[in-house]
Amino acid sequence: MFKEIFLQTVEEGYSRDDVYNVDETGVNWKALLRKPLASKRESTAPGFKVSKERFTAMVCANASGTHSLPLLVIGKSKKPCCFKNVSCLLTLYKAQKSAWMNSALFF
């Protein structure tokens, strides 16, 4: 259904170069697996706390595949330690308290 509507829209005056798709994904790192590798005893052990270390990545490209925007990475820290001696970063990095996408970052 969507494919037919998209093709009709393109035929009415838009080219595939003008249509963009954006997708975001959240990545949790330093987190233990809850299933199947971690036993129930491990997750209820004293001091067990699920890691909330995360970042969000957003990718964007046009429908023809001729143009893509640089990768946007959203983290929690304004100045991450891992970027300390980095002079050129090939992605865009933004900081946000929860490391989630919001309307201000999207624009």
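How much accessible surface does the chain have, and what percentage of that surface belongs to carbon and sulfur atoms? The accessible surface comes to about 9200 Å², and 58% of this area belongs to carbon and sulfur atoms, where accessible areas are calculated by the Shrake-Rupley method with a 1.4 Å probe and, for residues, only the protein chains shown count as cover. The model is a predicted one, in which local features need pLDDT of at least 70 and side-chain atom pairs count only at pLDDT 80 or more, while totals for chains, interfaces and linings use all residues. Residues are numbered from 1 along each chain as its sequence is written, and side-chain values use heavy atoms, with hydrogens and water left out.

**Overall architecture**

- The chain has three helices and four strands, which are DSSP runs numbered from the N terminus (helices: H or I, at least four residues; strands: E, at least two).
- Read from the N terminus, these elements follow the order α-β-α-β-β-β-α.
- Of the 107 residues, 16% count as buried, a class that means under 20% relative accessible area, with exposed set at over 50% and partly exposed in between (1.4 Å probe, protein chains only).
- Among contacts in the chain with a separation of 6 or more, 49% come from residues 24 or more positions apart, a contact being heavy atoms within 4.5 Å.

**Strand pairing around β3**

- Strand β2 (residues 54-62) and β3 run antiparallel and are joined by three bridges, given that two strands pair if DSSP finds at least two bridges between them.
- M58 has L72 of β3 as its bridge partner.
- On its other pairing, β3 runs parallel to strand β4 (residues 92-95) over four bridges, and G75 has A95 of β4 as its bridge partner.
- Within strand β3 (residues 72-75), L72 and I74 point one way whereas V73 and G75 point the other way, and all are buried.
- In a regular strand the side chains alternate between the two faces of the sheet.

**Two residues in their surroundings**

- A57 belongs to strand β2 and is buried, with a relative accessible area of 14%.
- Not counting residues up to four places away in sequence, A57 touches D23, E24, T25, L71 and L72, and its C-alpha atom is separated by 7.8 Å from that of V27, 30 residues apart along the chain.
- S77 is placed in the loop between β3 and β4 and is partly exposed, at a relative accessible area of 33%.
- Leaving aside neighbours within four places in sequence, S77 is in contact with Y93 and A95, and the C-alpha atoms of S77 and A95, 18 residues apart along the chain, are separated by 5.7 Å.

**Cysteines**

- The structure holds zero disulfides, counted as pairs of cysteine sulfur atoms within 2.5 Å.
- C60 is buried, with a relative accessible area of 9%, whereas C81 counts as exposed at 74% relative accessibility.

**Nonpolar surface patch**

- V22, F106 and F107 make a nonpolar surface patch of about 370 Å²; patches are made of residues with over 30% relative accessible area and no salt bridge, like charges being joined within 9 Å and nonpolar side chains (Val, Leu, Ile, Met, Phe, Trp, Tyr) within 5 Å.
- F106 lies in helix α3 (residues 103-106) and is partly exposed, with a relative accessible area of 46%.

Methods
Salt bridge = Lys/Arg side-chain N within 4 Å of Asp/Glu carboxyl O.
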